[in-house]
Each structure stands twice: as C-alpha cells, then as structure tokens.
Amino acid sequence: MQSHRLRDMDQQRPLLDGECGTGTPPEGSQVWFIQDGCGMICAFITWFLVLYADFVVTFVMLLPSKSVGYAIINGVVFNGLAVLALTSHLRTMLTDPGAVPKGNATKEYMDSLHLKPGEVIYKCPKCCSIKPERAHHCSICKRCIRKMDHHCPWVNNCVGENNQRFFVLFTMYIAMISTHALALSGFQFFTCVKVQWSGESGQPGPRSSRSDEQTVPHLRPPVFRVLSLSLSLSPSLSLSSSECSDFSPPVTVMLMIFLCLEALLFLTFTAVMFGTQIHSICNDETEIERLKNEKPTWERHTRWEGMKSVFGGQPSLLWINPFAGLRVRRLLAARGRKGGAEFSV
C-alpha cells in the first residue's frame, strides 16, 4: 500500500500551499451542465432517435391498428418506457457526477481537515483541488470526478459516483424499448406486409397477375420483394393497406426498416453497456480502474453492498424510478438565484 502511495506521489504532486485561489462557491446552488459541442450534438441525436422511434411506433403501427386493446396496451408500455429512458438520460446529463470543488487546495481548507502528522494528500494540478481516493480528472468536464467510470458523449457528462444509477437505468430502458420496437416491427411486417400488401387478404393484389409475378421474382431478398410489392400496388390494394398504416406503403416500409436498424444498434450498444456497468458495480471497480489495472487500496464492497450503495437502500421500486429524489423546487430556486445557474464547468 505504501509503494502504491509513493507511485501516486510521483504522478500527482503533494499539496503545496500558496498555489491555488480561494476556492469556488458551494456547488449545491448550481445547475450541472457541460458545454461540450460534441456531447451536446450526441445528446440531441439520442433524443431525436428515441422520439423518431416513438413516432413510428405510435403513428405508423399502433394508431391505424384495428385492435384497440392491442394499440392501447403497446402504446402505454412503449411510451412509458420512452419517458423513463429520456428522464434517465436527463438525470444522467444534469446531475453532478461527483465533481471535486475547484480550487479547494488552500491553506485554510487544509487547516480545516485536521490532518494527522505524516498524512499525505494529493492535489490535481489541472483543477487545483484536493484529489480524493478513486477520483480521476476528466479533460472534458475539466474537473476531478469521484469514482469516475468514464465520460459518455451520449449523455454529455461523466458517469461517476452520483449519477451512475441514472446511467444504468438509461441503458436498461433504451434496451427495453429497442426490444419492444423490434417485436412490434416484426409483427407489423408479418400481419400487414405479408398478408395485406401481398394480396393474401382475399382482395385482388399483385400476386393475382402473371405480369406482376414476373416483376417481383421470388429469388429477390424479402426486403426488396416487399419494396417492389409496395411500389406496384393498385389503387384498390392501397385502400386495403391503409388499414395497417395511414402512410403510403413505400414510406411505411422505409420508416420501419430504419426503425429496425436503429433498434438493433441501440439494443446492442445499451445491452453491452448495461452488462459492463452491473459488472463494475458488483466488483466495486470502475472502468478506468479496470483499464489502468489499479490495485485496490480501498475495502471493496460485496456484490450486494455495491448494488445498494449505487441504487440506494434496500431493493424497491425506487431502484428503477429515475424520478426518485428529483426536487424541482430546489432546481428552480437554483436557477433563480443571483448569477444564474452554472453551465460552464
């Protein structure tokens, strides 16, 4: 343990008096938001894709459905999961991940710590703050973050001690709505594209004509056969297809294909991230500590204790509720104070 401390001393200078300012105001009165161009663009893309999926599912697949119960149940479930996912994203982005106050490495603050003789503490030369154990400096946030796991541009924030729970919920809910969207898309293709748009619903369609069979060879891939069928629909068949969607068949097919590609990518990415986050929590080891192969100088929590420390208390529905702990009055009061909220960190 002592050798580890000495290696840290070589990389992180011990605290020197007189090098820092007087510190920053208490951060409980400030709103956390990172002004990073790439992160803000990625966050906007995330919201756009989720809202796009919600639009396709609601207006293309559910509202035109003949089954009212099917539309209501799936609409409530999908939109509810989408709200939970976007709320988790906002909480991850706007929650202080555990930033160490800037410029607190002052003589006055040192005296208030009542350090024992020979006790060594470290400061970050970049943000001029006392660096707690397991804290790492983020070059994008320009702060030292307690138990920093990684900086995620898709939430435009670091994932750290205070917002890891919301990030886990975000990945979980995105994976769930992606799975739901894929299931709905598959059912939609099967019931509408195959049955109605291909003329198997009892109405005259492209398959009733020999010329149409020649223009849509069965050797083509299914996706291209669907597109060709939708483009060669007769006016009478278009009326039948309107029972499945209020949009034209070509537009509907393209919207659903893009939704399936988006859902597959989101499902793969978020499922992997969810698994790695749960693994890190259970092993009480952040991703940075794992990549740097840092030897633990802290007492590791058991798997169950690690889960309770991140999600808070005993297992309950609050674990999966991103609204838990949200205090709107405090947020509005912080924005109304003199000087406004801090958006530059």
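1. Let me start with the aromatics: F55, F59 and F247 come together as one aromatic cluster. Keep in mind that this is a predicted model. Searching the whole structure turns up six aromatic pairs.

2. One of those pairs is Y52 with F258, and the geometry is edge-to-face: the ring centres are 5.2 Å apart and the planes make an angle of 85 degrees. This pair ties together distant parts of the chain, since Y52 sits in helix 2 and F258 in helix 9, 206 residues apart. What about burial? Y52 counts as buried because its relative accessibility is 13%, and the cut-off for buried is under 20%. F258, with a relative accessible area of 43%, is partly exposed.

3. Next look at Y70 and F187, an aromatic pair of the tilted kind, with 5.3 Å from centre to centre and 40 degrees between the planes. Here too the pair links distant parts of the chain: Y70 belongs to helix 3 (residues 68-94) and F187 to helix 5 (residues 164-196), with 117 residues separating them. F187 has a relative accessibility of 43%, so this residue counts as partly exposed.

4. On to helix packing. Two packed helices are described by the angle between their axes and the distance between the axes. For helix 9 (residues 249-283) and helix 11 (residues 303-311), the axes come within 7 Å and cross at roughly 115 degrees. That is why helix 9 and helix 11 are described as roughly perpendicular to each other. Helix 9 brings I278, I281 and C282 to the contact, while helix 11 brings R303, G306, M307, V310 and F311. Sorted by type, the residues in this contact of helix 9 with helix 11 are six nonpolar, one polar and one charged.

5. Strand 3 (residues 135-138) and strand 4 (residues 143-146) run antiparallel and are joined by four bridges. Which residues face each other? H137 stands opposite C144 of strand 4, and A135 stands opposite R146, also in strand 4. Strand 3 and strand 4 make a hairpin with four residues between them, and K142 in the turn has a positive phi of about 60 degrees.

6. Now to G37, which lies in helix 2 (residues 37-62).

7. Finally, the overall picture. The chain has twelve helices and six strands. Of its 345 residues, 43% count as buried.

Note on methods. Residues are numbered from 1 along each chain as its sequence is written. This is a predicted model: local features need pLDDT of at least 70, side-chain atom pairs count only at pLDDT 80 or more; totals for chains, interfaces and linings use all residues. Side-chain values use heavy atoms; hydrogens and water are left out. Two strands pair if DSSP finds at least two bridges between them. Helices (H or I, at least four residues) and strands (E, at least two) are DSSP runs, numbered from the N terminus. Axes are lines fitted to C-alpha atoms, for helices over the stretch in contact, and angles run from 0 to 180 degrees between N-to-C directions. Angles under 35 degrees count as roughly parallel, over 145 as roughly antiparallel, 65 to 115 as roughly perpendicular and the rest as oblique. Contact means heavy atoms within 4.5 Å. Ala, Val, Leu, Ile, Met, Phe, Trp, Tyr, Cys and Pro count as nonpolar, Asp, Glu, Lys and Arg as charged, and the others, Gly among them, as polar. Rings of Phe, Tyr and Trp (its six-membered ring) pair if their centres lie within 6.5 Å; planes under 30 degrees apart count as stacked, over 60 as edge-to-face and the rest as tilted. Buried means under 20% relative accessible area, exposed over 50%, partly exposed in between (1.4 Å probe, protein chains only).
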